[in-house]
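Dear colleague,

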Amino acid sequence: MNIVLNLFIVLLVAITLAPLLPSKHWAVRVWEFPRLQIAALIFIALIAKTWTLSQADADSNALYDYAALACLLVAFLYQLKWIVPYTLFYKSEVRREKAPNKNHTISILSSNVFMPNKHYDALRTEVEKHKPDFLVMLESNKRWEENIACIEGDYPYTKHCPLENLYGMHLYSKYPFSEVSLRFLIEDDVPSIRLTFTKNNQKVTLFFLHPKPPSPTENETAGPRDAELLLVGKEVANTDGPVIVAGDLNDVAWSPTTRKFKKISGLLDPRIGRAFYNTFHAHYPLVKWPLDHVFHSDHFDLVHVKKLPDIGSDHFPLLTVLSLKQTNG
């Protein structure tokens, strides 16, 4: 029993340390995702190891048993360091606007629809219920475009990029665009959208992203994803006025890459001090992490952020409502 437990402890410590390796390979970077799950397993191992030590003869407890317990404790605290900011135990980064003026709000519904999914009505229901200013569909193809076309009466301003590679993107807006561009920043089959529109005499810039993840079936390394996030981060830093970045970034909120993106761009994360808002996976209770994001500049307060019901995809849609601060004069 003790040998099996010690081997389990070695495994937990190893996957905790793995993301520290200077490698972008998916087999290394994947361990940035399940920090909450790893922390839970470490906590269980801590209890089990403490119990076995308490039951054993004091003289039989070897030094490595106490070393294993110490390593577990350090690993547990290390995992908590990454995830605690996304709980109520941490100070919120974005002020909540409790009595928003509807004329000042901007709402975005971001939904990775999962291309094979055919539950079009489920998404249309959420759009009709929440009436967001912007809807961005990810993993959308021509079939999704045709089955969502009925909303275009309420969303007359659009930018479509239907693809059959799981990286299509469709944008629907209630606001006319001052500028809009479909871009392929790093990979020629992975689109992103940049647009500007005017809200209360302020020019607002939106970026919608969906880079490929590091995985055995996608990109072997995190290099392209990281490059796109950091490229957009630098672009945001050089953009004047209110900015919002949204989409499925295929990265967790607490990863070093996303933290670097935030630092470079200067954007804020409304989830900090509130909750994880795990949007993936919609159907596997033990596989949960926040892959869909909305970051914004300090020009906004938060009205609310909400994970919407299952629409048949592997992602839950994410609705974010922000309140644009008014400039003097």
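Apart from residues up to four places away in sequence, Asn200 touches Asn103, His104 and Gln326, where contact means heavy atoms within 4.5 Å. The loop that holds Asn200 lies between β6 (192-199) and β7 (202-209); helices (H or I, at least four residues) and strands (E, at least two) are DSSP runs, numbered from the N terminus. From Asn200 to Asn103 the C-alpha distance is 8.0 Å, although 97 residues separate them in sequence. Asn200 is partly exposed, with a relative accessible area of 31%. On this scale, buried means under 20% relative accessible area, exposed means over 50%, and partly exposed lies in between (1.4 Å probe, protein chains only).

The model is a predicted one: local features need pLDDT of at least 70 and side-chain atom pairs count only at pLDDT 80 or more, while totals for chains, interfaces and linings use all residues. Residues are numbered from 1 along each chain as its sequence is written, and side-chain values use heavy atoms, with hydrogens and water left out.

Leu302 belongs to strand β10 (residues 300-307) and counts as buried, at 0% relative accessibility. Beyond its neighbours within four places in sequence, Leu302 is in contact with Val94, Arg95, Arg96, Glu97, Pro270, Arg274, Thr320, Val321 and Leu322. Between the C-alpha atoms of Leu302 and Ala99, which are 203 residues apart along the chain, the separation is 11 Å. Leu41, in helix α3, is partly exposed, with a relative accessible area of 37%. Neighbours within four places in sequence aside, Leu41 is in contact with Phe8 and Leu12.

On a 1 Å grid over the protein atoms alone, a cavity is a set of points where a 1.4 Å probe fits but cannot get out, and a pocket is an open set with protein on both sides within 12 Å along at least five of seven lines; lining residues have an atom within 4 Å of a point. Grid points are joined across faces, edges and corners, and a volume is the space filled by probe spheres set on the points.

- The largest pocket has a volume of about 490 Å³. Of its 21 lining residues, Pro213, Ser215, Asn250, Phe280 and Leu291 are the closest to its centre.
- The second largest pocket holds about 170 Å³ and is lined by Pro100, Lys102, Thr105, Val303, His304 and Val321.
- The count gives 1 cavity of 30 Å³ or more, lined by Pro270, Arg271, Tyr277, Val294, Val305, Leu318 and Thr320.

With kind regards
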